[in-house]
Amino acid sequence: MQRTVHHPSVTAPLLITDRPEDGGYTPLPGGLTVDQAHVVLAHEVRAGDLWIADFPEATTEVDVREADHFEIPVTAQPRPYGSYCDRSCKGCEDETGDVTDAAVRYVILGRDESGTCLDAFRNEPVLIIRAAESP
Ligand SMILES: [Zn+2]
């Protein structure tokens, strides 16, 4: 079942879809469902939250932004930009232009299996399940 939510800091409506069941999408752990997920801004994510999707920018401001589910949900360990890897990983490498600026704009929400930082704009909406609701 899908639902549309409005976040006070995001112009476009956000469409939360069910997790794809085919391809490489692993089921959510512990019987969690997308119904338990909340939209928060990236800088509001707390350690232990399960980060399951983000919302790519719509092409126009009136378009709905649809959840883009990750194949493997990420248990968030938020850290300041560059603090995991000294900006040397593949994810951070892309943002080496202005380090101070990047640190203001991005937050690292965790790392993937290969140790690459997973960054997000601080004020971007993300879909998470709070740690308190996880088993
Ligand atoms: Zn990095």
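User: What makes the largest nonpolar core a core, and which residues have the most contacts inside it?

Analyst: The structure is a predicted model. A nonpolar core is a set of buried nonpolar residues joined through C-beta atoms within 7 Å. The largest such set here has 26 residues, and those with the most contacts inside it are Trp-51, Ile-52, Leu-109, Leu-127 and Ile-128. Strands S2, S4, S8 (106-111), S9 (117-121) and S10 each supply at least two residues of this core.

User: Which residues is Trp-51 in contact with, leaving aside its neighbours within four places in sequence?

Analyst: The contacts of Trp-51 beyond those neighbours are Val-45, Pro-73, Val-74, Ala-76, Leu-109, Gly-110, Val-126 and Ile-128. The cut-off for a contact is 7 Å between C-beta atoms.

User: Why is strand S4 described as largely enclosed by the rest of the structure?

Analyst: A residue is buried if 20 or more other C-beta atoms lie within 10 Å of its own. In S4 (residues 50-54), five of the five residues are buried, so the strand is largely enclosed by the rest of the structure.

User: Why is Asp-54 called buried?

Analyst: Asp-54 is found in strand S4. It has 21 other C-beta atoms within 10 Å, and the cut-off is 20 or more, so Asp-54 is buried. Leaving aside neighbours within four places in sequence, Asp-54 is in contact with Asp-68, Ala-120, Glu-124, Val-126 and Leu-127.

User: What makes S3 and S6 edge strands?

Analyst: The open sheet has four strands in the order S3-S10-S4-S6, with antiparallel pairing. S3 (38-41) and S6 each pair on one side only, and that makes them its edge strands. The twist averages 35° from one strand to the next.

User: What is the strand order of the open sheet of three strands?

Analyst: The order is S1-S2-S5, and the pairing is mixed. Its edge strands are S1 (3-5) and S5 (65-66), each of which pairs on one side only. S1 and S2 (residues 14-16) pair in the antiparallel sense over three bridges. Arg-3 stands opposite Ile-16 in S2.

User: Why is Glu-133 called partly exposed?

Analyst: Glu-133 lies in the segment after S10. Glu-133 has 14 other C-beta atoms within 10 Å, so it is partly exposed. Glu-133 and Gln-36 are 97 residues apart in sequence, yet 7.8 Å apart in space, C-alpha to C-alpha.

User: How do you know that the radius of gyration agrees with a compact globule?

Analyst: For 135 residues a compact globule would have a radius of gyration near 14 Å, and the chain has 15 Å, which agrees. Its C-alpha atoms fill a box of roughly 40 × 35 × 30 Å along the principal axes. Buried residues make up 27% of the 135 residues. Among contacts between residues at least 6 apart in sequence, 65% join residues at least 24 apart.

User: How many helices and strands are there, and in what pattern?

Analyst: The chain has two helices and 10 strands. Along the sequence, the pattern reads β-β-β-β-β-β-β-α-α-β-β-β.

User: Where is confidence lowest and where is it highest?

Analyst: Confidence is lowest in helix H2 (residues 99-105), at a mean pLDDT of 76, and highest in strand S10 (residues 125-129), at 97. The mean over the chain is 88, and 93% of its residues reach 70 or more.

Notes
Residues numbered from 1 in each chain as written. Predicted model: local features only at pLDDT ≥ 70, side-chain atom pairs only at ≥ 80, totals over all residues. pLDDT = per-residue confidence, 0-100. Buried ≥ 20, exposed ≤ 12 C-beta atoms within 10 Å, placed from the backbone. Pairing = 2+ DSSP bridges. Rg over C-alpha atoms; globule rule 2.2 N^0.38 Å. Contact = placed C-beta atoms within 7 Å. Axes fitted to C-alpha atoms, helices over the stretch in contact; angles between N-to-C directions.
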